[in-house]
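Please look over the sequence and the structure before reading on.

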Amino acid sequence: MTEILYMKDAESNYIKEFDAKVVKRGEDYVVLDKTAFYAEAGGQPTDKGVLGWEGGESSVRKVKKDKGTVRHFVDPVPEADDVHGELDWERRYALMRMHTAQHVVSGVVYDLFEARTVGNQIHGNRSRIDFHPVSFEENDLKVIEETCNNVISKDIPVSIYEEDRDVLEEKMGKQRYIMDLIPKSIRRLRVIQIGDFDICPCGGTHVRNTSELGKVHVLGRRSKGADRERLTYELV
Ligand SMILES: [Zn+2]
């Protein structure tokens with residue numbers, strides 16, 4: 001099992017480089033004893049960056065997690081066992097901002113329309129969220145945008161911690177997140193909490209305060225079938 005360095009709290013999401021040992025080599029990948037690279041999951045794309053060692057360097061093109069094994073797809077495969085990982089921080093930080101913004105937009109849409117987030121895809125420049133059940137009108141987009149920016153402007157701290165599933169369900173009450181999506185066997189969950197505004201289980205990477213988000217700009221909406229709407233947004 002690889003130790004995931006960004007899991008434990010908000011500060012750990014800012015780890016940009018780390019030392020690690022290669023524990024397994026494949027034809028085009030390595031498994032490390034620990035990593036700060038995010039493996040693509042839950043609508044957040046993979047981190048990229050470099051693995052360096054004495055006398056060499058390889059680029060990390062993609063990181064994937066499969067049953068607890070995190071594979072760093074690299075070119076070339078490092079020869080040494082001691083490596084130094086360095087994230088493409090510009091890319092990762094853009095994704096962190098977008099992911100925290102997604103929680104804000106999802107929370108606002110739930111508060112205003114009682115519509116839940118049923119899908120999302122984050123990118124560094126623009127992202128999208130699918131909501132159900134809802135049908136937006138053009139004016140709703142302005143209201144969503146203004147409400148999001150009102151929340152963001154309060155400079156709310158973001159905390160990341162682990163919680164027992166039962167305790168979390170009680171804390172959340174009637175909430176936007178569909179807990180049934182998480183297998184019942186998982187009893188401890190990683191939680192992202194944006195002050196009193198939003199609380200949600202999530203394995204992604206996030207900023208430590210909404211003051212880092214700038215402003216949400218809603219780019220548009222599109223119907224994705226019965227009572228299902230897709231919102232696209234960027235951060236400006
Ligand atoms: Zn999330």
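## Overall build

Among contacts in the protein between residues at least 6 apart in sequence, what percentage join residues at least 24 apart? The figure is 65%, where two residues count as in contact if their C-beta atoms, placed from the backbone, lie within 7 Å. This is a predicted model, in which local features need pLDDT of at least 70 and side-chain atom pairs count only at pLDDT 80 or more, while totals for chains, interfaces and linings use all residues. Residues are numbered from 1 along each chain as its sequence is written.

The protein has three helices and 15 strands. These elements are DSSP runs numbered from the N terminus, with helices being H or I of at least four residues and strands E of at least two. A box of roughly 60 × 35 × 35 Å, taken along the principal axes, holds the C-alpha atoms. A compact globule of 236 residues would have a radius of gyration near 18 Å, and the 19 Å of the protein agrees with this. That radius is taken over C-alpha atoms, and the globule rule is 2.2 Å times the number of residues to the power 0.38. Of the 236 residues, 33% are buried. A residue is buried if 20 or more other C-beta atoms lie within 10 Å of its own, exposed if 12 or fewer, and partly exposed in between, with C-beta atoms placed from the backbone.

## Strand pairing

Strand 9 (residues 116-121) and strand 10 (residues 127-132) run antiparallel and are joined by five bridges. Strands are taken to pair if DSSP finds at least two bridges between them. A hairpin of five residues leads from strand 9 to strand 10, and G119 has D130 as its bridge partner in strand 10.

Strand 10 is also joined to strand 15 (residues 229-235), again by five bridges and in antiparallel fashion. Here F131 stands opposite E229 of strand 15.

## Nonpolar cores

In soluble globular proteins, nonpolar side chains tend to be buried together. The largest nonpolar core in this model has 27 residues, and V104, V105, V108, C148 and V216 have the most contacts inside it. Such a core is a set of buried Ala, Val, Leu, Ile, Met, Phe, Trp, Tyr and Cys residues joined through C-beta atoms within 7 Å. At least two residues of this core come from each of helix 1 (89-113), strand 10, helix 2 (138-152), strand 11 (158-164), strand 12 (188-194) and strand 15. Helix 1 gives the most, with eight residues.

Leaving aside neighbours within four places in sequence, V104 is in contact with C148, V151, I152, I194, T210 and V216. A second, separate core has 16 residues, including A20, L32, V63 and V74.

## Helix 2

The 15 residues of helix 2 should span 21 Å at 1.5 Å a residue, and its end C-alpha atoms, 22 Å apart, agree with that. The expected span is 1.5 Å times one less than the number of residues. Within helix 2, the residues I144, C148, V151 and I152 are buried. They lie on the same side of helix 2 because they cover an arc of only 95 degrees around the axis. The arc is that of the directions from the helix axis to the C-beta atoms.

Which elements do the buried residues of helix 2 pack against? Their partners are helix 1 and strand 14 (216-223). The face turned away from the buried side of helix 2 carries the exposed residues E138, N139, K142 and N150.

## A buried histidine

H99 is in helix 1. It counts as buried because 23 other C-beta atoms lie within 10 Å. Not counting residues up to four places away in sequence, H99 touches Q44, I122, G204, T205 and H206.

## Backbone exceptions

Most residues other than glycine have a negative phi, and most peptide bonds are trans. A cis peptide bond joins D75 and P76, with omega about -5 degrees; P76 is in the loop between strand 7 (69-75) and strand 8 (82-87). Another cis peptide bond, with omega about -5 degrees, joins H132 and P133, and P133 lies in the loop between strand 10 and helix 2.

E114, in the loop between helix 1 and strand 9, has a positive phi near 55 degrees without being a glycine. D227, in the loop between strand 14 and strand 15, is not a glycine either and has a positive phi of about 55 degrees. E114 counts as exposed, with 12 C-beta neighbours inside 10 Å. D227 also counts as exposed, with 12 C-beta neighbours inside 10 Å.
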